[in-house]
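Please keep the sequence and the model in view while reading.

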Amino acid sequence: MGAIRTVGVVGGGAWGTALALTAARAGREVRLWARDTETVSNIRSRKQNQRYLPGITFDEDLNATSSLREIADADAILLVTPAQTTRALLAALKETGTVRGPVVLCAKGIEQTSGKLLSRILSEELPGVEPGVLSGPSFADDVARGLPTAVTVAANSAKTALSLCEALQSTCFRPYASIDVLGAQIGGALKNVLAIACGAVVGRKLGASAQAALTARGFAELTRLGTAMGAQGETLTGLSGLGDLVLTCSSTQSRNFSFGLRLGEGFMASELISAGGKLAEGAYSARVAVKLAQKHDIEVPICETVAQMIDADLSIDDALNTLMARPLKAETESL
Ligand SMILES: NC(=O)C1=CN([C@@H]2O[C@H](COP(=O)(O)OP(=O)(O)OC[C@H]3O[C@@H](n4cnc5c(N)ncnc54)[C@H](O)[C@@H]3O)[C@@H](O)[C@H]2O)C=CC1
Ligand SMILES: O=C(CO)COP(=O)(O)O
């Protein structure tokens with residue numbers, strides 16, 4: 001592929017807007033598609049996305065539109081809507097008939113109904129279009145404000161990965177190239193589930209030691225399942241794996257951590273979900289992660305506990321008792 005001059009961004013939420021700003025700061029011509037017309041006019045007329053990035057005004061021109069046709073033929077497309085909407089949006093992009101790709105998957109999740117990673121959905125909906133993945137420790141608010149951030153950008157070929165990195169690099173945004181498309185997706189999807197567990201520990205005031213233990217044992221689950229699914233070890237210990245796990249398991253800025261925090265304070269998952277509120281992708285990925293682990297014969301007790309808190313309103317105290325009463329086992333396989 002040649003140099004990337006135009007970037008189309010699908011999704012006018014917090015992360016879509018932050019990545020559109022990133023591409024604009026890197027010197028690309030950006031077109032941003034948002035479903036909701038109020039967001040489009042807010043970005044166009046006031047250079048703000050008040051609904052998803054309150055308090056931030058930018059200088060960059062994002063050419064916001066509510067017509068997918070106007071962005072589908074860009075040199076590269078960043079797909080930045082919630083994971084469960086990926087298939088429908090790829091189908092809508094296909095209908096335009098003009099997608100040339102690559103399509104960079106920026107959501108962090110797994111399709112609930114099929115257990116498929118988003119790159120698999122791309123290959124089914126837009127066969128022949130090159131997949132990319134952008135993932136790593138990066139809060140939309142930090143990125144939109146121009147705070148320094150580093151992420152993993154993966155593609156099947158080093159050439160495409162490097163072209164995408166060049167298209168997004170700026171003084172405040174540093175992408176690292178990878179050819180582990182699968183591995184780069186797994187960390188982002190699983191860390192959201194594990195962040196819910198860490199949030200619950202903090203919400204229940206169980207102490208910093210418990211939070212650190214849960215993060216480390218969570219990383220053991222992420223590594224076991226990721227490796228079984230075919231991820232490279234270096235990807236799992238890199239920005240999109242360990243890096244994002246550490247960020248999300250330790251900050252109230254994370255929506256997944258905050259969702260867990262409320263669970264720890266005594267709210268039931270069903271109450272939080274029916275109240276709507278901010279997106280917590282881990283609530284959608286927990287059960288499907290457990291199913292994937294079962295398929296690969298891998299134990300993921302923390303993910304399983306989070307899934308039970310979400311599906312069956314398991315209380316934080318029952319969750320803790322279940323985890324602490326597990327039979328003793330070796331920390332590593334080499335005992
Ligand atoms: N916010 C962040 O800091 C980061 C978010 N992400 C990931 O990016 C993805 C999107 O997250 P955010 O932008 O933060 O969420 P958000 O809640 O801020 O925005 C979601 C956007 O998707 C749109 N949307 C929802 N359903 C849709 C549908 N059916 N069709 C079309 N558009 C639809 C909404 O209108 C909104 O513009 C998630 O998978 C998240 O895990 C990844 C890295 C950082
Ligand atoms: O993925 C993120 C940071 O890397 C954002 O996390 P939350 O979706 O939990 O806010």
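Into how many nonpolar, polar and charged residues does the shell around ligand 1 divide? The shell holds 13 nonpolar, 8 polar and 4 charged residues, where Ala, Val, Leu, Ile, Met, Phe, Trp, Tyr, Cys and Pro count as nonpolar, Asp, Glu, Lys and Arg as charged, and the others, Gly among them, as polar.

The model is predicted: local features need pLDDT of at least 70, side-chain atom pairs count only at pLDDT 80 or more, and totals for chains, interfaces and linings use all residues. Residues are numbered from 1 along each chain as its sequence is written, while chains are lettered from A and ligands numbered from 1 in the order in which they are written.

Ligand 1 is surrounded by 25 residues, a residue being near a molecule or strand if its C-beta atom, placed from the backbone, lies within 6 Å of it. Gly13, Ala14, Trp15, Ala107 and Ala140 are the closest. Helix H1 (residues 14-25) provides the largest share of this shell, 3 residues; helices (H or I, at least four residues) and strands (E, at least two) are DSSP runs, numbered from the N terminus.

Around ligand 2 there are 13 residues, the closest being Ser138, Asp244, Ser254, Arg255 and Asn256. This shell divides into 4 nonpolar, 5 polar and 4 charged residues. At least two residues each come from helix H7 (181-203), helix H10 (239-248) and helix H11 (255-264), and H10 gives the most, with 3 residues. Ligand 2 lies between domain 1 (6-179) and domain 2 (188-324) because both give residues to its shell; the domain bounds come from an automatic or database domain assignment.
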